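Me: Could you walk me through some side-chain pairings and a helix contact here? I'd like the cut-offs along the way.

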Amino acid sequence: TILHSPLYALSSETLFRLRRAHSSLRDALRDLPADLVGDERARAEFAAASLQRLWARVGRVTILDLLQQALAETGYLATVSSLSNGTRRRANVEKLLALARRTGLVRLSEFNAYLSDLTAREAREGEATTEAENAVQLMTIHRAKGLEFPIVIIPDAGRAPYDPPEWMAVHRAHGIGVKVHDETGELAATVGYRLLKQEADARDAQEEKRLLYVAMTRAQEYLIISGSDMPHAESYLQQLLDARAKLEASAAERIVLTTPRTRFQDLERAETELPVRATRAVAIQETRMGELPRLVMPLAPPSVSRIEMWTPTGMEALVNQRAEFEQRVLEGAPERIIPVRRRAIIARAPAYIVGEIAHRALQRWRFPQNTPNLDTILERYTRERGLSDENEIHDAVRQARGILARFAKSELFQEMTNASARYHELPFVVAWHGRIVHGAMDAVYQRADGKWRVVDFKTDRLRGKAAHAYTLKLYAVQMALYLEAAKMQFDASCDVCVCYIRENRTVVLTEIELLPHLERALQFEND
């Protein structure tokens, strides 16, 4: 669809040539067939290069940025504007951009779920209207869904709702009720019709209230509702008057009621009202013209040296990735952007979610042999992390259960199970070189020789890496700070153990080899 659309404008014949040569269009774009020549080949080469650039940014930028890049590269807006009904086509695309801007989402799956939710809740954005600046727009309530205006007017709100004559009433569960001709030839309502009509009227009343809510919430600043001074009992205006009567006085005062007044009445009262309004305006102006307070001192730009509270992971990020740390902590950039996975034929749960739910079960020491309802617990963890596809949930539970089962067969598990003392998610706060370091250690237990060991569970995939060197490179500062906190807590010699739960590999780090890395963390003192 994308290749055939005005984005890339490949013909049906070109798509056939591409698919004939390869099992997927993506593979075909990497290796264009030789019989594809001329303008069609040029368009296919452009599509391949453009899509490669877009695919490289998927999951790393917001949906809005991705859409804007696609539109800019292809000139799509200019193309659709030149088509029939082009103004509306362009407005619909711009409405999609507005939705993407409003959500700020990065994952395509979450954005698609957001759009699906709008449809499911009957709040789907209608076709975009062609907006004219500084003009009054007339539209139905249904057409106004999803739009907002500074001032909204609901006219003729005192009239009765439209109730067309019907001879049949329908209910999904109770069937059909009809009117029948009596002996005089007039239509008469049967009992079944009257019962179903009562239910239909109740549904219609709720629908009218929902529409009134939609109409009122289109207003950003002012909502003006006009109608007869003797509104119909079921009209919008009477419903609002009844609701206002039930409000507390302070809330009801926010709804201003006015009666119609002729121009002659306004002129007769002008002499008495204008001076009062002028005096009030002067008082308001004098209140607003007060002098603003000055800043006590200039604001200093944020710097690393001014941070007084640290976590071990934050200190690790500062030492190993200084520029990225400053962007995240000092400039407020997002800490983590999850890449979007493309839907596969066989549903696979995201690896990071599998690792997170296995790590969470480890924190609570839950394993197949000691937790009968482990699958139910793991499933709840996956749903809390945002998975909704049942196949992906089952796959996440299966993988996490396998990780836990493998760890339960390890020597570390046996040693921790038999330990005389063991703590999980142990919080700590320690003073360290004029700074406060705080956090929580995954687990701490006392070995048979009396020494204490800190255990940190990681979900990294080693994939043949040298585990000891890899751990020192990425996590030495963090582990060194854990070690310092444990020594202060237990006043005894300690070591640190890093367990990579996916591959069930364990790395033990001693104080001697961690000490040089701890000194690296002190370098920020000179910033």
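Reply: Buried means under 20% relative accessible area, exposed over 50%, and partly exposed in between (1.4 Å probe, protein chains only). This is a predicted model, where local features need pLDDT of at least 70, side-chain atom pairs count only at pLDDT 80 or more, and totals for chains, interfaces and linings use all residues. Residues are numbered from 1 along each chain as its sequence is written, and side-chain values use heavy atoms, with hydrogens and water left out.

Me: Is R159 buried or exposed?
Reply: R159 pairs with D156 in a salt bridge (a side-chain nitrogen of Lys or Arg within 4 Å of a carboxyl oxygen of Asp or Glu), at 3.7 Å from N to O. D156 is partly exposed at 46%. With a relative accessible area of 51%, R159 is exposed.

Me: What separates E379 and R383 along helix 15?
Reply: Their side chains form a salt bridge at 3.1 Å, N to O. Helices are DSSP runs (H or I, at least four residues), numbered from the N terminus. E379 and R383 are four residues apart in helix 15 (residues 374–384), so the separation is about one helical turn.

Me: Which residues join E13 in one salt-bridge network?
Reply: Salt bridges that share partners link E13 with R17, R20 and D35.The structure's count of salt bridges is 25, and the partners of E13 in this network are R17, R20 and D35.

Key. Helix = DSSP H or I, 4+ residues; strand = E, 2+ residues; numbered from the N terminus.
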